[in-house]
Structures are given as structure tokens and as C-alpha cells.
Amino acid sequence: MNLARTALAVSTAAALLLGGLPAALAAPSAPAGTVSAESVPAGAAPALPQALPPTGAPAAHLDGGSAGGTAPVPAAADAAGQATGQAAGLPGAGGPAGAAAAGAHPTTVEQITEAFKVVNDHRSQARRAPLVYNSALSRNAQQWAETMARNGKELRNPDPWAGVPAGAVRMDQYYGRGEFTGAFAGVDAVEALTHYLLDFYPRNGTDQFARDLTHLGIGVSHVATSGPKGPGWETYLTVYFYAYPPGQSVPGTSATPAGAFVPPVSTPAYGVRGAIGTKYHRLGGAAVLGEPTMNERGGLVEGGVYQSFRKGTRTTTIYWSPANGALAVNNYGSIGRKWVAAGREHSYGLPVTDERPVTGGAYQVFRRDGRSTMVMWSPATGSRAIKQHGAIGRAWRAAGSEHGWGFPATDEYRYGAEVRQRFSKGYTVHYAAGRTWVTR
């Protein structure tokens, strides 16, 4: 295998020097400073000198990486990893400095087909079976390519299993960025970047030539740029290799991209990761909560971070904090609307439970500065807040909560010198001058 890759690299370099390849292939060799010693395995082709592109060809600078892994155990989470990964956060939406209009080069089936062809050409040279294309794997790869494009750099996807059809036993990911100036075709850029990744990041925790690999996912995103070298483009590429057991039927599979390619939506796809990502997938992912509408954002009270998702007209926000982990607020529901109207985390605080059912209703608990507020809902009363830290809330809980005095029929309200709250079974709780009493 190393001999095959070495021969390909040498022939590519020779063609460049003779001007025999398409313009966008002018720089498939490793740029100075972008491939470290640990990125190139022993016995593999060394980084070749940068060849000068033919006249009129775009200049290119390529970066990338690779990583692999076995299928995760369902519901197994590393709490420390979730916390650090969630709190760190990727940079916000945007892109490289000077970026013009993202997506001016749309992702097309021709571009995906070119990357697909390059992969299987590499496998053919190593006498390995060709891989098949899968739309679900490619949707996952596409979302990460767009995440890299928004952040303006190549990034390893920490959760390459999101949205993957069940049954995969392991995966390898190759990811990278190509910077181009001048005019070029999107297909040529994808071809150059695919060759680069497969030539210069073999066996860096992955093996693109493994015999058990079966399926392929490919994502491409382009970003227009302008800089000292003039207008240009950045192309971001993800190539995801998955291994499924022999004979397993995997939904969305086709012999080539032409049979299953789905163009990316015009709106950007956002990455979902860390503890929020784990919570999102446990709640059902896109099928239940819909797609993310933003990247993670931090800076909330008590170190909180949040990300919102939308399915149709329903919006759900997942909040994470060091003290409470990741919990969801259904903004479209009565409890969620009550919390939003009160001022979100600035009033009741961040969620410390998900929304939970009780006989005849539901509730969710929020906390800020050590003070807990429960928002309870029933068909007859709607959503009302109980200050669990207050005298009335403590008396209500001591009386048996909703099993005693019933669901709250009002929030706390002031009546002269008193603070009162009414409950659905006809009880009114009074508080004044440090004393609490009940009337009915």
C-alpha cells in the first residue's frame, strides 16, 4: 500500500512540473509547515516540494487531518469530557476575515462524485473493494464541512456518529481546507483537496484502505474570500469512511452519489456536540427536535451555554451549566412560554430538570443563585410558578404539593401587606410579617 501511494505522489509531482494536470491540482503536495512528523507514517511518501502552478492556475494552500474510532457504546458519556467540550465552544458564526458571500459555489453532485471517484481510485490502486455512497452519512459529513466553513479552519468532528444509520462498527474521518485564488471550478478544488487528504494523512489513526470499510459519506462547502492575493475561495471537505457488517442493508445507500445525492439546504447547518449534542440525540435528534438554528452560545448566568433547535413551528432550547448538565426547555409549550415571559434565566434561572409529567399536569424546575422555582401546568390552571425557596412554596410542599392543596392557580401576588397564592383545590396561602397561614 505504501508503494502504491508513493508511486501516485511521485507521478502527481511529475505531472505538476510538466503542467499536465488541471489547474486546481497545482498544489496537492504538502505545504511547508502544514504536515507534522506525526502526520506522515513511517514508510509513506515524504512531503514533496511545492510545485509552481501552470500559468493562470489558482494558487492553493491545503490543510487537513484524519481520525478514526470504533462505534460508541449507546448512552455512554464522559462527564468531564462533556463539560470541557461544551464549555469551550467553537467560534461563532461567520467565516474567514474578508469573506464575501458564503456558498456562492453551491455543493453539487458533480463535486461529490469527483471526491467519490478519487477515493475509490485510491482503493483500487491498493487492490481494495470500492465503497458505496450513503446519503445519511453524507448529510452528517456535509453539516461538518459547513461547520468548518463557518469557523474558517479544519476541525475534527468530535461526534461523527450523529445521524448515522445503526449498525456501523467503526469509522475513519478525513477533513481539510483548501485556499484558492483566481478562477477555478468547484470540481477541480474538490479533486485537489481529496487527493491531498488521502495522500498526506494516511494511517494517522485511520486506514482508508481497510478491507472492512463499506460505506462513504462526503461533505463539501465553499466560502468566497478576499485578501492580499485577491478574490478567491476556500473549499472545506469531509470524507467519512464507515464499516458495516457484510450484507447489512443500510438505508440511503447507492452505488454512486448520482443515485442518492441530496443538495444541501440553502440555510447553514450548525454543529451539535458535547453535552448538548448528547442530550439532543438522546431526546431523538432531528426527528424529534429538528435541526439546530444556531451554534452554541455561552456567557449565561452560572456559566451556562445554550443552543436552539426548530422542527416546524416548535423551538426547543437545550441549556448546559457546570452544576446541572444539559437540560431542555420546550419553548413552544406552556411551561416554556411561562419561563420565557418571566425573563428566562435572568428570572427563574437555568433548568435543573427537564419537563416532567405528574398526574393531571406537568412541571419543570429552574434555579438561580441557589433559589429554585417550579413552573407547574395543568389544563385547568395553565402554567404558574411556585417559589420553592419561599415561605409559601415551603408550606405547599409540606402540605403534599399538588396532592395536598392542588396545582397553583395563580403566581404569588401582593394583597395589601400580604403576599398570597391560590391553589386549585380552593386553598389560599397567605404570608405577612414572617407568618404563613391558609384559608379556604
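Q: Where does Asp369 lie?
A: Asp369 lies in the loop between β13 (361-368) and β14 (371-378). This is a predicted model, in which local features need pLDDT of at least 70 and side-chain atom pairs count only at pLDDT 80 or more, while totals for chains, interfaces and linings use all residues. Residues are numbered from 1 along each chain as its sequence is written, and side-chain values use heavy atoms, with hydrogens and water left out.

Q: What is phi of Asp369 near?
A: Most residues other than glycine have a negative phi. Phi of Asp369 is near 55 degrees, a positive value in a residue other than glycine. Phi of Arg344 is also positive, near 55 degrees, and Arg344 is placed in the loop between α8 (334-342) and β11 (350-351).

Q: Is Asp369 buried or exposed?
A: Buried means under 20% relative accessible area, exposed over 50%, and partly exposed in between (1.4 Å probe, protein chains only). Asp369 has a relative accessible area of 62%, so it is exposed. Arg344 counts as partly exposed because its relative accessibility is 34%.

Q: What does the length of helix α5 (residues 186-200) agree with?
A: The expected span of a helix is 1.5 Å times one less than its number of residues. With 15 residues, α5 should therefore span 21 Å, and its end C-alpha atoms are 21 Å apart, which agrees. Of the 15 residues in α5, 13 are buried.

Q: Which residues touch the most other members of the largest nonpolar core?
A: A nonpolar core is a set of buried Ala, Val, Leu, Ile, Met, Phe, Trp, Tyr and Cys residues joined through side-chain atoms within 4.5 Å. In the largest, of 26 residues, they are Leu216, Ile218 and Phe241. At least two residues of this core come from each of α3 (109-125), α5, β4 (215-227) and β5 (230-243). The most, six residues, come from α5. Another core, of 17 residues, lies apart from it, with Leu137, Val164, Val223 and Tyr240 among its members.

Q: Over which residues does pLDDT stay under 50?
A: pLDDT is the predictor's confidence in each residue, from 0 to 100. Residues 1-59 stay under 50, and the model has 100 contacts (heavy atoms within 4.5 Å) for them beyond four places in sequence. Residues 74-103 also stay under 50, with 55 such contacts. The protein chain averages a pLDDT of 77, and 73% of the residues score at least 70.

Terms used:
Helices (H or I, at least four residues) and strands (E, at least two) are DSSP runs, numbered from the N terminus.
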